[in-house]
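Here's a quick briefing to read alongside the model. Have the sequence and the 3D view open as you go.

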Amino acid sequence: ATLPSAVQHCHTCLHTFTQRMADAATASSAFDTAPVRNREQLERALRELPTALPEAPPTLHVRGPGWGLASIDPACLAVQAHLTLSGLAHTVAINNNPDLAEALPVLQRDRGLPEYGVMRILAFVNKSCKSDARVHPQTEAYCALALNRLYAAADFELWCEHDNFFDVALPVLVEAAYPAGITTVLAYQKQQRVLEDSLRKTNAADAGQVYEAAESAYRAFAARLGMNNYLFGDSPSDADIVLYGHVKFVLQAPLTKKTLLSLLAKHDNLLAHVRRVDALLHASRTTTAVPSH
């Protein structure tokens with residue numbers, strides 16, 4: 001918010017607080033001076049006064065849908081799935097501004113600071129739902145494995161592979177959002193950021209090592225999953241949700257070169273896992289989200 005709007009917001013909050021204090025003082029005075037026969041009624045009325053205004057459902061800001069996906073961003077897909085399965089009421093706001101794409105997803109709360117990034121949003125939702133079912137001692141490690149190896153590799157494949165860059169990333173993610181004449185420069189700037197970020201996260205020196213890191217992560221997830229329905233226990237953990245966002249993207253993104261898909265296809269249990277989470281989402285999607293207006 002701008003400084004004037006922030007100051008105005010503070011004045012509004014101060015006015016509201018002052019009014020509530022005045023109301024409380026008036027009620028207390030009325031109680032003290034009321035006849036004995038009316039005090040019981042006043043006391044009952046005071047107990048029934050709301051102590052705080054109800055908090056509105058949070059708003060999840062995500063990249064928009066495409067390619068048969070709820071969002072064309074894997075991280076946004078994961079958070080949307082988590083919110084749906086948690087049952088936490090929320091609204092969804094579509095934000096396709098490419099300048100903000102790297103900051104998404106963002107969960108805007110009615111009170112308090114917004115939550116940025118997959119792990120912070122998942123933690124907030126778990127706390128809000130008072131649920132420990134999605135938390136396992138190894139969950140954080142597997143989430144980090146997915147985000148640092150698989151998500152980074154997917155970004156690399158989309159932005160740094162020549163054919164994918166010109167066939168998908170440039171026309172769909174850049175040219176559709178920016179005026180003609182500056183798209184190529186912006187796209188190459190984005191490509192350079194992705195290259196540096198993916199090499200750093202996967203500890204790789206070249207493209208081959210990026211995919212080797214992703215293949216190793218697939219093997220680790222497949223070994224952990226085995227013949228079970230989910231990675232930890234009988235219901236999806238945070239790690240299941242983070243894995244789902246990546247796998248769903250890899251399966252449906254219309255890339256020309258699909259190195260990750262060929263690596264993923266070697267693990268039937270990971271493919272079955274994403275179908276299993278899809279079924280859960282389909283069963284619960286109609287009851288968990290508050291319609292956005």
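Does Thr183 count as buried or exposed? With 7% relative accessibility, Thr183 counts as buried (under 20% relative accessible area; exposed is over 50% and partly exposed is in between, with a 1.4 Å probe and protein chains only). Keep in mind that this is a predicted model, where local features need pLDDT of at least 70, side-chain atom pairs count only at pLDDT 80 or more, and totals for chains, interfaces and linings use all residues. Residues are numbered from 1 along each chain as its sequence is written, and side-chain values use heavy atoms, leaving out hydrogens and water.

**Thr183**
- Thr183 sits in helix 7 (residues 183-202); helices are DSSP runs of H or I, at least four residues, numbered from the N terminus.
- Leaving aside residues up to four places away in sequence, Thr183 touches Leu170, Val174, Glu175 and Tyr178, with contact meaning heavy atoms within 4.5 Å.

**Leu231**
- Look for Leu231 in the loop between helix 8 (207-225) and helix 9 (238-252).
- Leu231 counts as buried too, because its relative accessibility is 1%.
- Not counting residues up to four places away in sequence, its contacts are Phe221, Arg224, Leu225, Ala239 and Asp240.
- His273 is 42 residues from Leu231 along the chain, with 9.2 Å between their C-alpha atoms.

**Helix 3 and helix 4**
- On the helix 3 side, Ala75, Val79, His82, Leu83 and Ser86 meet Val118, Ile121, Leu122, Val125 and Asn126 of helix 4.

Key. Helix = DSSP H or I, 4+ residues; strand = E, 2+ residues; numbered from the N terminus.
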